[in-house]
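Colleague: I am new to this structure and would like to know how its descriptions are reached. Please show it to me, and I will ask about the terms one at a time.

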Amino acid sequence: MKAVPAWRRIPWPPLIYLAAIAAGIVLGLLAPLPRMTGPFGNVLYAIGWLIIIAVIALWVSSFRAMRQAGTTLDPSGEPSHLLTSGPFSITRNPIYLANTLLLFGVGLVSGNWWFLPISIVAAFVTQKIAIEFEEKILAEKFGRRYRDYSKKVRRWF
């Protein structure tokens, strides 16, 4: 396996999502969008909390699967196992999906609509900076097993 460049060893995904949270907060303060009120606002608020609960379940099941397999939790680390069960049987990137859904859920709960487009931007940046690189490493390390898995399981959902 090739040496990983120093800039690739930076844990980009957590930094991307922290920057997205900061951007959502700043935009919400500087250019607040109108709040949704009434029954529809209450429904969106409840949906936001359901999404956040699903995010927690997805994080816990993903981290548990990774720990049980003995593979790294470090997004810039080298995986030791190809995970294909549990949440990894539904999406190849359950933690990144959870992070994106968290932004979406927070947007619904807080009424800060900036989090909705920011969640899409964060997902796109994560895919370009982290996921595509990780997929190359997985394909190189696990070969046909990874290629077969990636044909069956979508990147996001």
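Colleague: Where is Asn-99 placed, and why does Asn-99 count as buried or exposed?

Modeller: Asn-99 sits in helix 3. Its relative accessibility is 14%, and buried means under 20% relative accessible area, exposed over 50%, and partly exposed in between, with a 1.4 Å probe and protein chains only. Asn-99 therefore counts as buried. This is a predicted model, in which local features need pLDDT of at least 70 and side-chain atom pairs count only at pLDDT 80 or more, while totals for chains, interfaces and linings use all residues. Residues are numbered from 1 along each chain as its sequence is written, and side-chain values use heavy atoms, with hydrogens and water left out.

Colleague: Which residues is Asn-99 in contact with, leaving aside neighbours within four places in sequence?

Modeller: They are Tyr-17 and Trp-59. Contact means heavy atoms within 4.5 Å.

Colleague: What makes a stretch a helix, and how many helices and strands does the chain have?

Modeller: Helices are DSSP runs of H or I with at least four residues, strands are runs of E with at least two, and both are numbered from the N terminus. The chain comes to five helices and zero strands, in the order α-α-α-α-α from the N terminus on.

Colleague: Why are helix 3 and helix 4 called roughly antiparallel?

Modeller: Their axes cross at roughly 170 degrees and come within 9 Å. Axes are lines fitted to C-alpha atoms, for helices over the stretch in contact, and angles run from 0 to 180 degrees between N-to-C directions. Angles under 35 degrees count as roughly parallel, over 145 as roughly antiparallel, 65 to 115 as roughly perpendicular and the rest as oblique. Helix 3 and helix 4 are therefore roughly antiparallel. Among the residues making the contact are Tyr-96, Leu-103 and Phe-104 of helix 3 and Phe-115, Ile-118 and Glu-134 of helix 4. By class, this contact of helix 3 with helix 4 has twelve nonpolar, five polar and one charged residues. Ala, Val, Leu, Ile, Met, Phe, Trp, Tyr, Cys and Pro count as nonpolar, Asp, Glu, Lys and Arg as charged, and the others, Gly among them, as polar.

Colleague: How do helix 1 and helix 4 cross?

Modeller: The axes of helix 1 (residues 12-30) and helix 4 (residues 115-142) come within 10 Å and cross at roughly 160 degrees. That makes helix 1 roughly antiparallel to helix 4. The contact includes Trp-12, Ile-16 and Leu-27 of helix 1 and Phe-115, Val-125 and Ile-129 of helix 4. By class, the contact of helix 1 with helix 4 has 16 nonpolar, two polar and no charged residues.

Colleague: Why is Trp-114 given the class it has?

Modeller: Trp-114 has a relative accessible area of 24%, so it is partly exposed. It lies in the loop between helix 3 (94-110) and helix 4. Not counting residues up to four places away in sequence, Trp-114 touches Gly-24, Leu-27, Gly-28, Ala-31 and Leu-33.

Colleague: What makes Ile-90 buried or exposed?

Modeller: The relative accessible area of Ile-90 is 60%, so Ile-90 is exposed. Ile-90 is found in the loop between helix 2 (38-69) and helix 3.

Colleague: How much of the chain counts as buried?

Modeller: Of its 157 residues, 40% count as buried.
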